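Please open the structure in your viewer and keep the selection panel at hand.

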Amino acid sequence: MVDISTRLGNVELTNPVIPASGTFGFGLEMAEIYDLDILGSISIKGTTAEPRFGNPTPRIAECESGLINSVGLQNPGVDAVISEELPALRKVFHKPIIANVSGFSVPEYAHTCSLIDKEDQVAILEVNISCPNVHNGGMAFGTDPKAAAEVTAAVKAVTTKPVFIKLSPNVTDIVSIARACEDAGADGLTLINTLLGMRIDTMRRRPVIANKMGGFSGRAVFPVAVRMVWQVAHACKVPVMGCGGVATASDVIEMMMAGASAVQVGAENLRNPFACKDIIEALPAEMERLGITSLRDIIGIV
């Protein structure tokens, strides 16, 4: 008998598999095809202070081993998430929820997080700092250690629950940004968010997606994600959620060996709606094949 449970700080999870924000909506559609309680947790769709319609279409471009998206944080806004989405999810999912929060200024991050922090079923706040800083020329918060630390400190000042900062991979030194967040009080880190990518329609001679560039995710980014998880997990003391290209039970184990305490599944959910369920069901056999009795024993062993 193997033990597939894990923990993120003081949050216990029955297993490490978590659908990544933006690939699972608010969970309600998926509840129609399988029991969500099989999941370790759910990182809900990125939430902003105000409702957002998102970017113009087309927003998705397929790639050979992944996809590029530029959805633009489409969501109903924090008030609707709290009054409608979370209560609906509570009826079909009875485990801790991870609330993913985005913003375009430090006060906006703090305001949104302070509201969601009050929700009982939300166990972790996951703060996406890949957003453009509207007060600093549009540069993403996550590309500058000082800006990343400022968001982290502001959110920690108004919340009581663990705060995980979701890091952008579009930087030259991921460790310096991770350490800045840790020093500012982050309780954990999630990485990686999407890489920047682009596809061109050669027949029409223009970019495939309306926003020209977008976030590249899928199986092709997995080696980059493993490398960054390994770097950050060995440089920081806080727990890490690994994300990026995870598609199999073997990927989960590899990511945990690199240092992740839990693993998010993103683009694979869009290719296979049963991806998380399949991975969870395959984990025990893969652990037995590798002689692993407890997932907690392999975290960061490489």
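Begin by selecting Glu281 and Lys277, which form a salt bridge whose closest N and O atoms are 2.8 Å apart; a salt bridge here is a side-chain nitrogen of Lys or Arg within 4 Å of a carboxyl oxygen of Asp or Glu. The model is a predicted one, in which local features need pLDDT of at least 70 and side-chain atom pairs count only at pLDDT 80 or more, while totals for chains, interfaces and linings use all residues. Residues are numbered from 1 along each chain as its sequence is written, and side-chain values use heavy atoms, with hydrogens and water left out.

Glu281 and Lys277 are four residues apart in helix α8, so about one helical turn separates them. Helices (H or I, at least four residues) and strands (E, at least two) are DSSP runs, numbered from the N terminus. Glu281 is partly exposed at 46% relative accessibility, and Lys277 is partly exposed at 22%. In these terms, buried means under 20% relative accessible area, exposed over 50%, and partly exposed in between (1.4 Å probe, protein chains only).

Next, select Arg289 and Glu286, a salt bridge with its closest N and O atoms 2.8 Å apart. These two residues are three apart in helix α8, again separated by about one helical turn. Arg289 is exposed, with a relative accessible area of 61%, whereas Glu286 is buried at 15%. Then display Arg7, Glu12 and Arg296, which salt bridges with shared partners join into one network.

How many salt bridges does the count come to? The total is nine. Another of them is found by selecting Arg90 and Glu119, whose closest N and O atoms are 3.5 Å apart. This pair links distant parts of the chain, with Arg90 in helix α1 and Glu119 in the loop between α2 and β8, 29 residues apart. Arg90 is partly exposed at 31% relative accessibility, while Glu119 is buried at 15%.

Ile82 lies in helix α1, residues 78-92, and is buried, with a relative accessible area of 19%.

**Aromatic pairs**

Now show the rings. Two aromatic pairs are found in the whole structure; rings of Phe, Tyr and Trp (its six-membered ring) pair if their centres lie within 6.5 Å, and planes under 30 degrees apart count as stacked, over 60 as edge-to-face and the rest as tilted. Tyr34 and Phe274 form a tilted pair, 6.0 Å centre to centre with 35° between the planes. Tyr34 lies in the loop between β3 and β4 and Phe274 in the loop between α7 and α8, so the pair ties together parts 240 residues apart in sequence. Tyr34 is buried at 6% relative accessible area, whereas Phe274 is partly exposed at 34%.

Move on to Tyr109 and Phe141, an edge-to-face pair with 5.3 Å between centres and 85° between planes. Tyr109 is in helix α2 and Phe141 in the loop between β8 and α3, 32 residues apart. Tyr109 is buried at 0% relative accessibility, and Phe141 is buried at 0%.

**Helix α4**

Finally, select residues 174-183, helix α4, where seven of the ten residues are buried. Among them are Ile174, Val175 and Cys181. The buried residues of α4 pack against α3, β9, β10 and α5.

How values were computed. Contact = heavy atoms within 4.5 Å.
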